[in-house]
Amino acid sequence: MEWTKGWAWVLVPASLLVAFLAFRFRKMIGDPAVIDVVHELLTTYRNKIVSERGSNLEHHHRVTLFRHREWAMVWRRWPWQGWLIPEIRSGETTRNPSCRFKASSDAPDEAEGVAGLAWVSSKDVEISSLPDVSFPNATEEAVADYARITKLSPQAIRKMKPHARSFHAFKVHLSNKRWGVIVIDSKSASLNRGKINDGYNQLMPSLGVLLKRI
């Protein structure tokens, strides 16, 4: 294996680089086992909140955990500073959302979406009785109202065709620092604040421990 000696100066740094990148990738995506547990917690939370709410379709009632990233590469969006990125969503449908919302602490007025509003607000964000814009021929007035209330552009609403008519969102803290946001969205016109609070009190002790491993 004489040839390895001659290439050691390349192979050793390359091996260290690969190991470092593997470590960073694992840290970025989190421990799969922990992610599965958090997913189950969010799904249980979702079921407690919407157990008596109209539609039984999972994508009509969801709980999504967003993580705040000081820097994130978001396609065709600039600056890359301050974004809320979806980490884990309840249920088995629409589990891989592509939405990204601006949430820069240095430019709070530019925060986007309900998630962004929650990040820069001192209180929970509660929105109810939004117009139904989930169908292609939703009126311009309905789309404009939906966009204004949820801090998105009418173009984004036309593209997304969201089913949600009510939202509840709040910040998640870890070690007394803001970590991210949980957004609850529902096709129902309103959500039960009491169930949300009760479920939150049961969820957070376990979630706070698990987030340290994501």
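Met204 counts as buried in the predicted model, at 15% relative accessibility. Met204 is found in helix α6, and its C-alpha atom is separated by 8.7 Å from that of Val172, a residue 32 places away along the chain. Helix α6 also holds Gly208. Gly208 has a relative accessibility of 17% and is therefore buried, since the cut-off is 20%.

On the α2 side, the contact is made by Val34, Val37, Val38, Leu41, Leu42, Tyr45, Lys48 and Ile49. On the α6 side, Lys195, Ile196, Gly199, Tyr200, Gln202, Leu203, Ser206, Leu207 and Leu210 take part. By residue class, the contact of α2 with α6 comprises 12 nonpolar, 3 polar and 2 charged residues.

The secondary structure of the chain as a whole amounts to 6 helices and 6 strands. Read from the N terminus, the elements follow the order α-α-β-β-β-α-β-α-α-β-β-α. The chain has 214 residues, of which 40% are buried. When contacts between residues at least 6 apart in sequence are considered, 56% of them join residues at least 24 apart.

The mean pLDDT is 84, and 79% of the residues reach 70 or more. Among the elements, β4 has the highest mean pLDDT, at 98, whereas helix α1, residues 2-29, has the lowest, at 48. Where pLDDT is low, the predicted coordinates should not be read in detail.

Helix α3 spans residues 113-120. Of its 8 residues, 7 are buried, so α3 is largely enclosed by the rest of the structure. The buried residues of α3 are Gly113, Val114, Ala115, Gly116, Leu117, Ala118 and Trp119. A further buried tryptophan, Trp83, is found in strand β2, which covers residues 81-89. The relative accessibility of Trp83 is 0%, and Trp83 therefore counts as buried. Trp83 lies 13 residues from Glu70 in sequence, and the C-alpha atoms of the two residues are 6.5 Å apart in space.

The loop between β4 (125-127) and α4 (140-150) contains Ser134. Ser134 has a relative accessible area of 18% and is therefore buried, the limit being 20%. The side chain of Ser134 is joined to that of Asp132 by a polar contact of 2.7 Å. With residues up to four places away in sequence left out, Ser134 touches Lys161, Pro162, His163 and Lys187.

The loop between β5 (166-174) and β6 (177-186) includes Ser175, and Asn176 is found in the loop between these strands as well. Ser175 has a phi near 55 degrees, which is a positive value in a residue other than glycine. Asn176 likewise has a positive phi, near 65 degrees, and is a residue other than glycine. The relative accessible area of Ser175 is 58%, and Ser175 is therefore exposed. Asn176, at 79% relative accessibility, also counts as exposed. In the loop between β4 and α4, by contrast, Ser134 is buried.

How values were computed
Residues are numbered from 1 along each chain as its sequence is written. This is a predicted model: local features need pLDDT of at least 70, side-chain atom pairs count only at pLDDT 80 or more; totals for chains, interfaces and linings use all residues. Side-chain values use heavy atoms; hydrogens and water are left out. Contact means heavy atoms within 4.5 Å. Helices (H or I, at least four residues) and strands (E, at least two) are DSSP runs, numbered from the N terminus. Ala, Val, Leu, Ile, Met, Phe, Trp, Tyr, Cys and Pro count as nonpolar, Asp, Glu, Lys and Arg as charged, and the others, Gly among them, as polar. Buried means under 20% relative accessible area, exposed over 50%, partly exposed in between (1.4 Å probe, protein chains only). A polar contact is a pair of N or O atoms within 3.5 Å; within protein, one must be able to donate a hydrogen and the other to accept it, and residues adjacent in sequence count only if both atoms are side-chain atoms. pLDDT is the predictor's confidence in each residue, from 0 to 100.
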